Every structure is written in C-alpha cells, then in structure tokens.
Amino acid sequence: MKIFKYLICCFICLFFLQLKNSFAETIVYINMDKIMQVSKAGKSATEKLNKINKANIKKFKKIEEDLKKEEADIVSKRNVLSQEEFEKKINTLKKKIDEYREKRTKAIDDVTKQRINITADFAQKIKPILAEYADENSIDMVIQKKNIIMGKSKLDITDEILKIVDSKISKLKSN
C-alpha cells in the first residue's frame, strides 16, 4: 500500500513538473516600445514626429514672444491712448492670443494623431510577423513586457523580433 501511495505521489509530481515546463516554453514576452524605438522603420517615424514637434515648438515660441512684446507695448501706451483705443487694442490682442491657442492645440492634436496612426500601422504590420514567429517556434502566447512583473530573460524575444522587423518592415505610414 505504501508503494502505491508513493507511485501516485511521484506521478502527480511529474505531471505538475511537466505541466510547468510546458508553460514556460510556450509563453514568451516582447518589449514593443523598444522595437518601435530601435527598429529602422520605427526610429525613422519617431524622428520625423520629433522633427515636426520641434518645429512647432520653435514656431509657437516665436509667436508667444511676439504676443508678449505686443502686450508690453500696449501696456506702456496705456496713459497715452484713449480708453476706447486701449480697449480696442486689448481686444485685438485677446483675439490673437485665442488664435494662437487654437493653432497650438491643433498642431499638438495633429502630431498626436500622427503618432497614433504610426503606432496602429506598426501594430498591424508586426502582428503577422509575431504570428509567423510563434507558429515556427511552437509558442502559444506572446505577452507585452510592460504587462509582466517578473520573467526569465530567456523568454524575452524582443531582439529576435527586432531583427525580423528590420528585414520585413521598411516604412511606417505617417499621415
């Protein structure tokens, strides 16, 4: 009877060990942010967006400086101008400031939309690559690294996928 219990315990332990090993081999993770930033296509798209963003910042900083100078000029002429003329200039300045804010918001929204479009395009293009890789390597599940608290580094397939992405994706759409 003791031998029978011992065999059952051994069988259960082996079963769970085999189950554990099968999960460890079929679940991997990937750092999508790294692939987006390091891959040739992702880096190119990111650099383009950053260039647009820097140009916008420079342009709006210049407009802001001009508006501040105009405000200082109006304030300095307050005692010289009539109340009516002063209010007219202040209202004109307020309209210019509102236009500046609208243009700035629109520019920020445009860059954000472009970033979203690029990310969506990247996701669409990488899905078949991940599916093919998972198929070839008998992988059941690919998880994003940002959703993992802890994992073995041997389960990270980011660098392997990065090489494939660089060879298969040359450009991302950046409307």
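Trainee: Is Glu-132 buried, partly exposed or exposed?
Mentor: Glu-132 counts as partly exposed at 37% relative accessibility, where buried means under 20% relative accessible area, exposed means over 50%, and partly exposed lies in between (1.4 Å probe, protein chains only). This is a predicted model, in which local features need pLDDT of at least 70 and side-chain atom pairs count only at pLDDT 80 or more, while totals for chains, interfaces and linings use all residues. Residues are numbered from 1 along each chain as its sequence is written, and side-chain values use heavy atoms, with hydrogens and water left out.

Trainee: Which residue forms a salt bridge with Glu-132?
Mentor: Lys-168 does, with the closest N and O atoms 3.3 Å apart; a salt bridge here is a side-chain nitrogen of Lys or Arg within 4 Å of a carboxyl oxygen of Asp or Glu. Glu-132 sits in helix α4 (residues 83–136) and Lys-168 in helix α5, 36 residues apart, and the pair links distant parts of the chain. Helices are DSSP runs of H or I, at least four residues, numbered from the N terminus.

Trainee: Switching topic, how many salt bridges are there?
Mentor: The count comes to eight by this rule. Among them is the pair of Asp-159 and Lys-34, at 3.0 Å from N to O. Because Asp-159 lies in helix α5 (residues 158–168) and Lys-34 in helix α2 (residues 32–38), this pair ties together parts that are 125 residues apart in sequence.

Trainee: And how far apart are Lys-62 and Asp-66 in helix α3?
Mentor: They are four residues apart in helix α3 (residues 40–76), so about one helical turn separates them, and their salt bridge has its closest N and O atoms 3.2 Å apart.

Terms used. Helix = DSSP H or I, 4+ residues; strand = E, 2+ residues; numbered from the N terminus.
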